[in-house]
Amino acid sequence: MSIIDNRKAFHDYFIEENIEAGLVLEGWEVKAIRAGRVQIKESYVLYRNGAFYLVGCHITALQSASTHIKPDPIRDRKLLLKQEQTNRLIGKVERAGYTIVALNLHYSKGNIKVDIGLAKGKKQHDKRQSEKEREWAREKQRLMRDKG
């Protein structure tokens, strides 16, 4: 069950591979995500200190957040990946020039997971081509619907 999708990532990048990763979250963050107060449009993934971190994900704290914790809405959140996945991603990012972006947040067996995508940036003409293809697909659907 999806919580939020990052449609901007599909517009700006060619997504070549999807990987599901866990997130290290605090209690107030889980409550805020369940309430739908999360934004991943500008988020990306960085490799630092032997682990991957989700950077730029904005989680707005609820009014009823705990009084003894100062919520930081844009802190870096550690991703939980298997060592084999981590090694493969490091190689792709450092050698092949890929970027890792957050694609969506979703529930998996009651836990909040993030889908990250191994991505290459699109040039402006690629974005225009994608838009033309999307509009043509929409027009074909309209023609088929009106015909039948």
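Colleague: How many residues apart are Asp12 and Lys8 in helix α1?

Modeller: Four, in a helix spanning residues 7-12, so about one helical turn separates Asp12 and Lys8. Helices are DSSP runs (H or I, at least four residues), strands are runs of E (at least two), and both are numbered from the N terminus. This is a predicted model: local features need pLDDT of at least 70, side-chain atom pairs count only at pLDDT 80 or more, and totals for chains, interfaces and linings use all residues. Residues are numbered from 1 along each chain as its sequence is written, and side-chain values use heavy atoms, leaving out hydrogens and water.

Colleague: What do the side chains of Asp12 and Lys8 meet in?

Modeller: A salt bridge, at 3.0 Å from N to O. The term means a side-chain nitrogen of Lys or Arg within 4 Å of a carboxyl oxygen of Asp or Glu.

Colleague: Is Asp12 buried or exposed?

Modeller: Buried, at 18% relative accessible area. Lys8 is partly exposed, at 36%. The cut-offs: buried is under 20% relative accessible area, exposed is over 50%, partly exposed lies in between (1.4 Å probe, protein chains only).

Colleague: Which residue forms a salt bridge with Glu17?

Modeller: Arg88, with the closest N and O atoms 2.5 Å apart. This pair links distant parts of the chain, 71 residues apart: Arg88 sits in helix α3 (residues 83-96), Glu17 in strand β2 (residues 13-23). Arg88 is partly exposed at 34%. Glu17 is partly exposed too, at 23%.

Colleague: How many salt bridges does the structure hold?

Modeller: Nine. One of them joins the side chains of Arg145 and Asp146, at 4.0 Å from N to O. Both residues, Arg145 and Asp146, are exposed. Elsewhere, salt bridges with shared partners join Glu26, Glu29, Arg75 and Arg77 into one network.
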